[in-house]
Amino acid sequence: MNAGDRQRIELLVERILTLARAAGADAAEVGATEDAGRSVSVRMGDLETVEFNREKGFGIAVYFGGHKGSASTSDTSEDAIAATVEKACSIARFTQADPYHGLADADRMATEFPDLDLDHPWQLETEAARRLALRAEDEARGFDPRIVNSEGASVSTHQMISVYGNSHGFIGTQLATRHGLSCAVIARDDGAMERDHWFTVARRADDLEAPEVVGRTAARRALARLGAGPIPTGRHAVMFAPEVSGGLFGHLVAALSGGALYRRASFLLDGLGRQLLPRGIDVVERPHRPRGLSSAAFDAEGVATTAKAFVSDGVVASYVLGSYSARRLGLSSTGNAGGVHNLTVLGKRESVATLRERMGRGLLVTELMGQGINLVTGDYSRGASGFWIEDGDIAHAVAEVTIAGNLADMYGHVIGLGDDLDPRFNVQSGTVLIEAMMIAGV
Amino acid sequence: MTDALDRAEAVILAASDLSMRSLQDALGRIGGGGIDFGELYFQTHRSESWGLEDGMVKEGGFNADRGVGVRALCGEKTGFAYSDDVTGRRLLEAVDAARSIVRGGGSGRSGQLLAARPPRRYDAVDPLVGLSAQAKIDLLLGIDAEARGHDQRVKQVNARLSMVHELCLVVATDGTLAADERPLVRLDVSVIVEHEGRRERGSAGGGGRLALDTFLADDRASRFAREAVRIALVALEASPAPAGPMPVVLGAGWPGVLLHEAVGHGLEGDFNRKGSSTFAGRLGEQVASVHCTVVDDGTLEGRRGSLTIDDEGTPSRRNVLIENGVLKGYLQDKQNARLMNTVSSGNGRRQSYAHLPMPRMTNTFLLPGEHDPADIIGSVDRGIYAVNFGGGQVDITSGKFVFSTTEAYLIERGRVGRPVKGATLIGSGPEVMGRVSMVGNDLALDEGVGVCGKDGQSVPVGVGQPTLRVDQITVGGTG
């Protein structure tokens with residue numbers, strides 16, 4: 001995709017907005033995307049799947065006073081465009097008026113579009129992709145005789161253009177690429193099988209981890225799980241590895257989101273100013289990070305994104321708002337319509353070895369299962385697997401246990417942050433050590 | 001009513017420059033020359049939804065999508081490409097991309113297509129046009145009034161009415177020619193209650209492959225509203241759940257998510273062909289207690305997980321997966337069935353034309369036993385009685401699975417006692433199924449809200465079971 005495609009999609013968005021205005025809408029907003037990519041996977045040394053992706057589509061929201069209607073389609077023929085605009089307008093004739101509906105305020109529209117360095121197309125032919133995937137899988141399968149089976153390795157590349165425009169006259173475009181490599185293998189010992197995987201993802205192919213590293217990591221992780229069993233039920237310190245710790249702060253974002261707040265469906269109602277995390281911990285958003293996996297110059301409503309802290313020195317400093325929920329709460333949009341962009345947990349970072357020493361004994365969690373999180377109350381209960389730590393060292397693998405607590409209490413008892421940030425996730429926190437949680441095992 | 005094949009040809013092909021002849025030509029271009037199976041899957045998908053909040057229906061949306069997915073198989077290899085422009089040129093581009101897993105071109109020959117017209121499992125209705133927009137809005141407003149009127153502790157009511165109409169047409173080099181017209185409706189209600197500083201949520205809902213007026217019949221919509229309020233009020237009273245292994249009685253209906261996670265996924269053909277499932281190579285073995293007979297049945301009339309044909313054109317079936325505890329069969333699609341020298345069980349499903357089909361469940365449930373549910377509860381000295389659940393998840397290789405309660409009670413000396421907060425239950429599939437010691441006579445299927453995720457693809461499914469007792473499973477409470 002190139003400058004010509006960009007111009008074509010921008011013109012499409014403008015044409016749809018013109019149609020909406022002609023249909024009598026006071027205001028309208030349109031998002032259009034095109035995505036092209038391919039993925040190639042191998043399994044047990046042989047090519048398994050070659051997948052070509054190419055999709056497009058647009059969505060429109062129209063406003064007649066406080067009446068709103070939405071429609072979307074993958075069909076960008078002239079007839080379909082007209083029919084989709086008409087459909088959105090006809091829905092708006094039935095919906096009830098909500099004074100909080102509408103575009104984000106015009107003076108909040110992004111006016112600067114810094115180059116975030118997100119677009120790095122990868123001319124990846126099937127054969128080259130197959131060889132890369134094989135390097136990962138071969139490394140994993142050859143790593144140890146107990147690696148007896150494979151779910152394969154795959155390489156993928158995607159390029160996406162997304163254009164957002166609204167009747168303030170705002171139009172913004174983002175071109176971005178996303179490439180990835182993953183591998184999953186199965187280890188067997190004493191009749192028990194354990195599977196694990198690893199992946200790397202980046203805007204630029206050169207930033208991906210080497211296939212051998214991905215394969216080796218997948219193999220190590222599967223092997224490390226062998227011999228896992230439950231542990232006795234009790235209250236212990238719990239350490240979340242970086243591949244799962246981001247989720248803890250993902251729940252924080254969800255609980256601070258405007259939608260949950262105005263629906264009174266959050267355990268952090270009236271949370272602004274509350275000491276939630278220990279002093280010295282910040283949770284910050286950096287939307288303009290070059291090549292960031294969630295970087296964006298504007299949010300889903302065209303509002304300029306800015307660097308900010310949601311938690312500062314442990315205190316809730318900002319909610320996570322789009323314009324609708326902001327109006328409901330009597331506040332201003334924080335530029336987070338559609339979510340957060342590159343969240344990082346900052347604080348005194350220590351080596352994982354130091355944290356393990358501090359913990360002494362407890363559970364290191366490397367995988368979580370299930371959705372047992374109640375955001376209304378903060379109650380948390382999930383399946384977990386990982387390792388039992390004794391005297392600061394790994395004693396044995398653990399599986400088939402649950403960890404339970406309340407998120408507000410867990411945040412208040414964070415007693416250590418690791419220096420091992422995982423760049424693959426939108427929310428990055430490194431290892432997180434929590435003083436105590438209930439572990440149910442045998 | 002017109003036939004689904006006629007409808008599909010009229011709607012899908014007429015809107016393009018394609019004809020049945022050009023589909024045959026496209027199949028000829030995929031097949032042969034090393035490709036042992038080629039398939040074209042055309043789909044149109046229209047959906048509409050309306051959302052209620054603050055006592056108003058202030059959101060409504062519509063989506064239309066169509067496209068064609070082309071698949072070429074060569075042994076264990078798959079080539080796949082798709083297009084959301086349904087034109088002759090795009091179709092041939094997709095054909096050439098999909099068959100690029102082998103060198104050279106197709107044979108140009110295509111065999112005879114045999115039209116399949118299996119018995120319909122739901123009516124060919126379009127739920128988007130059945131009720132007027134105002135009637136849909138009134139239905140939602142009625143839910144708001146019902147929920148708020150039911151108890152003054154109700155502070156928020158959110159409800160969503162969704163309807164989908166889907167038409168698919170599948171042709172393949174094995175002679176498949178089949179089409180399906182699939183309605184799908186769903187109503188979700190969620191409430192927030194507040195009392196003395198505590199807040200809780202409750203949700204309920206249902207649906208199926210039905211017309212929208214299903215929600216008007218038998219007071220069904222109002223019942224969902226009252227059920228959501230009831231669950232939320234129970235949660236207000238809940239105290240911490242216990243922690244550790246103990247007997248658990250699972251209620252009838254939706255708790256059948258147990259079977260979906262503990263058994264269903266592990267029996268999908270792809271995992272068993274590849275040897276990655278804990279159930280691989282265990283046909284004929286005892287994998288559950290003798291009280292357990294588990295079926296996957298896509299033929300149930302109008303159910304959310306039901307299919308007249310699967311997405312490969314195979315008529316859906318009632319498949320016995322486990323009989324009296326003995327493993328009888330796997331869930332198969334065409335590719336895995338061929339590689340395992342068996343036939344498709346009618347479980348080849350895909351989220352859309354833009355996704356590859358794979359073996360998936362339809363409606364999965366446990367057949368009823370002898371016991372009165374009250375006797376099952378009465379048999380437990382100290383444990384949990386769990387009647388509503390959120391989602392679950394399974395690791396099919398180790399067999400470990402979880403599912404999380406949203407409504408559960410302590411059982412003390414055979415009596416149902418105080419409600420306990422949501423807790424995740426964790427166990428190993430074959431072990432937990434081996435500990436099913438009592439099965440009730442009250443088989444019920446869920447109301448029709450199940451969504452199953454696999455490899456990033458979502459499909460609608462159903463679950464069900466009678467009340468049953470698991471002698472021991474780990475309960476993830478805090479107390």
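Me: Which residues of H6(B) are buried?

Reply: The buried residues of H6(B) are Val257(B), Leu258(B), Leu259(B), His260(B), Glu261(B), Ala262(B), Val263(B) and Gly264(B). Bear in mind that this is a predicted model.

Me: What does that list say about helix H6 of chain B as a whole?

Reply: Helix H6 of chain B runs over residues 257-264, and eight of its eight residues are buried, so the helix is largely enclosed by the rest of the structure.

Me: Where in chain B does Leu331(B) lie?

Reply: Leu331(B) is in a loop, the one between strand S11 (326-327) and helix H8 (334-339) of chain B.

Me: Which residues does Leu331(B) touch?

Reply: Leaving out residues up to four places away in sequence, Leu331(B) touches several others, among them Leu267(B), Glu268(B), Gly269(B), Pro359(B) and Met361(B). As for Val320(B), it is eleven residues from Leu331(B) in sequence, and their C-alpha atoms are 9.6 Å apart in space.

Me: Now the whole chain. How many helices and strands does chain B have?

Reply: Chain B has ten helices and 23 strands. Its radius of gyration is 24 Å, close to the 23 Å that the globule rule gives for 479 residues, so chain B is as compact as a globular protein of that length. Along the principal axes, the C-alpha atoms of chain B fill a box of roughly 70 × 55 × 35 Å.

Me: What share of the residues in chain B is buried?

Reply: Buried residues account for 61% of the 479 in chain B.

Me: How is chain A divided?

Reply: Chain A has domain 1 (3-225) and domain 2 (228-442). The centres of these two domains of chain A, taken over C-alpha atoms, are 25 Å apart. Their contact takes 26 residues from domain 1 of chain A and 22 residues from domain 2 of chain A.

Me: Which element gives the most to the side of domain 1 of chain A that touches domain 2 of chain A?

Reply: That is S6(A), with three residues. The residues on this side of domain 1 of chain A divide into 13 nonpolar, five polar and eight charged.

Note on methods
Residues numbered from 1 in each chain as written. Chains lettered and ligands numbered in written order. Predicted model: local features only at pLDDT ≥ 70, side-chain atom pairs only at ≥ 80, totals over all residues. Helix = DSSP H or I, 4+ residues; strand = E, 2+ residues; numbered from the N terminus. Rg over C-alpha atoms; globule rule 2.2 N^0.38 Å. Buried ≥ 20, exposed ≤ 12 C-beta atoms within 10 Å, placed from the backbone. Domains from an automatic or database assignment. Contact = placed C-beta atoms within 7 Å. Nonpolar A, V, L, I, M, F, W, Y, C, P; charged D, E, K, R; others polar.
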